[in-house]
Amino acid sequence: MAEIINTCFVIIGFGRKMDHSTGREFDLDKTFEYIIKPAFEELNFLCYRASEITHSGVIDLPMYDNILKSDFVVADLSTLNANVLYELGIRHAVRKNTTIIISESELKYPFDLSHIVIEPYEHLGKGIDHGEVMRFKKLLQDKVVELKKNPQTDSPLYTIFPDLEIPKFTAKEIEEIRENIKEDGSLSDFMEAAEIAKNQKDYLKAQKELTKALELNQDNSLVTQRLALVTYKSELPDKRSALIKALRLLEPLNPSLTTDLETLGLSGAIYKRLFEIDKIVDQLQKSIWFYERGFYIGNDYYNGINLAYLFNVVATLEKDKILAIANYGNAKRIRNKVKDICNNHLTDKSWNSRDDKIFILFTMAEIAFSVGDLDNENYYIQQAITHPYSDFAVDSYQSQRQKLKEQIENFEKKYQDILGTAM
């Protein structure tokens with residue numbers, strides 16, 4: 001008979017999610033991978049989440065089985081995700097104790113959760129400080145050890161009905177879970193393989209891995225977003241076809257209504273590239289609309305720096321001199337805001353924990369280039385290329401730099417009569 005070990009199922013969002021009450025975006029993979037999973041594995045628990053389990057058919061069935069029968073469940077409420085709240089309710093309905101609820105420290109709890117013990121931790125957005133990882137990991141471990149010794153009722157239902165029977169995994173079921181995690185690959189495995197392939201610019205392989213991931217979980221927005229990205233980056237069978245296919249992939253995410261920064265940024269990027277091929281002004285306007293929403297909704301540097309570039313494009317195309325100058329000035333104004341955003345990231349305590357440092361540095365390089373500050377541009381480029389997978393980012397930067405150079409030169413040449421020394 002297989003060895004019986006303790007199990008911990010983690011109810012948590014996958015990838016980056018936004019807390020709409022504060023406008024902050026969290027990488028919840030970091031919470032799971034850096035804190036929760038290591039904390040429980042060091043206590044000899046089998047610790048996993050839905051995305052790691054290989055399954056066929058409807059994902060709800062094996063997920064609920066794990067919610068109901070796991071020895072421990074950790075639920076992260078950081079973004080008040082409706083699925084997480086619903087799944088937590090199911091857990092409380094059938095398990096008397098050993099449910100641990102956690103959240104990012106700035107979460108604004110709904111009134112009905114104010115009486116429940118929620119352990120706070122500090123998430124820095126794109127990463128988590130090492131000291132906070134160690135602190136909260138120890139807190140979880142101490143809590144688990146104490147609850148195993150002295151179980152406390154944490155379910156509102158079992159407070160009223162203390163004699164209900166509690167469902168548990170059999171030894172055979174635990175072994176099946178272990179095998180399902182190991183065998184054909186989990187959602188996390190496919191996502192990791194796709195990210196490596198993307199960074200190596202092997203977009204076809206990345207597409208294959210993400211397609212497998214999407215087969216496991218068709219409702220996962222992060223998988224859909226990354227598949228759209230590598231699809232248009234592949235430029236196969238040709239640039240335009242790849243862009244149209246990427247747009248169709250994003251349709252289930254409702255780009256016209258969403259507040260998701262990644263979906264908005266991808267939609268803006270696709271329409272920007274379509275405009276470069278078709279020269280249809282409506283495509284340019286759509287790109288501006290998506291980037292503008294992403295910039296103002298999330299104070300997001302990626303959407304902002306692309307929005308500034310598009311105002312340069314509009315300025316060059318504009319026939320009315322006053323409107324052309326206004327759009328050119330708009331580009332400068334937005335870049336100044338983006339510069340402030342990036343400077344805040346560079347000086348924030350979360351800087352070393354961020355996984356997007358290379359893109360922030362290239363954004364600062366582009367801003368420096370736009371005003372002719374080549375020394376600072378080179379400084380930020382040299383900082384950026386010390387980071388892993390810089391080849392992927394360097395190619396994107398060089399392409400964008402050339403486009404911006406052409407827009408600025410064309411504009412200055414076209415309107416040099418009224419710009420004069422002001423340029």
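This report walks through a helix pair, some aromatic rings and one glutamate in a predicted model.

## Ground rules

Since the model is predicted, local features need pLDDT of at least 70 and side-chain atom pairs count only at pLDDT 80 or more, while totals for chains, interfaces and linings use all residues. Residues are numbered from 1 along each chain as its sequence is written, and side-chain values use heavy atoms, leaving out hydrogens and water.

## Helices α13 and α14

Let's start with α13 (residues 301–317) and α14 (residues 321–347), which pack at an angle of about 165 degrees with their axes 8 Å apart. Helices here are DSSP runs of H or I with at least four residues, strands are runs of E with at least two, and both are numbered from the N terminus. Axes are lines fitted to C-alpha atoms, for helices over the stretch in contact, and angles run from 0 to 180 degrees between N-to-C directions. The two helices are therefore roughly antiparallel (the label for angles over 145 degrees).

Who touches whom? On the α13 side the contacts include Y301, L307 and F311, and on the α14 side they include Y328, I334 and R335; contact means heavy atoms within 4.5 Å. The residues of this contact divide into 15 nonpolar, 5 polar and 1 charged.

## Aromatic pairs

Rings of Phe, Tyr and Trp (its six-membered ring) pair if their centres lie within 6.5 Å; planes under 30 degrees apart are stacked, over 60 edge-to-face, and the rest tilted. That rule gives 13 aromatic pairs. Take Y121 and F136: their ring centres are 5.2 Å apart and their planes sit at 35 degrees, so this pair is tilted. Y121 belongs to strand β7 (residues 119–121) and F136 to helix α4 (residues 130–149), so the pair ties together parts 15 residues apart in sequence. Y121 is buried at 1% relative accessible area, and F136 is buried at 0%. Buried means under 20%, exposed over 50%, and partly exposed in between (1.4 Å probe, protein chains only).

Y379 and Y380 make an edge-to-face pair, 5.1 Å centre to centre with 70 degrees between the planes. Y379 is partly exposed at 45%, whereas Y380 is buried at 14%. Elsewhere, F40, F45 and F72 form one aromatic cluster.

## E377

E377 lies in helix α16 (residues 374–384). Is this glutamate buried or exposed? At 4% relative accessibility, E377 counts as buried. Setting aside neighbours within four places in sequence, E377 contacts A365, A368, F369, Y397 and R401.

Notes: Angles under 35 degrees count as roughly parallel, over 145 as roughly antiparallel, 65 to 115 as roughly perpendicular and the rest as oblique. Ala, Val, Leu, Ile, Met, Phe, Trp, Tyr, Cys and Pro count as nonpolar, Asp, Glu, Lys and Arg as charged, and the others, Gly among them, as polar.
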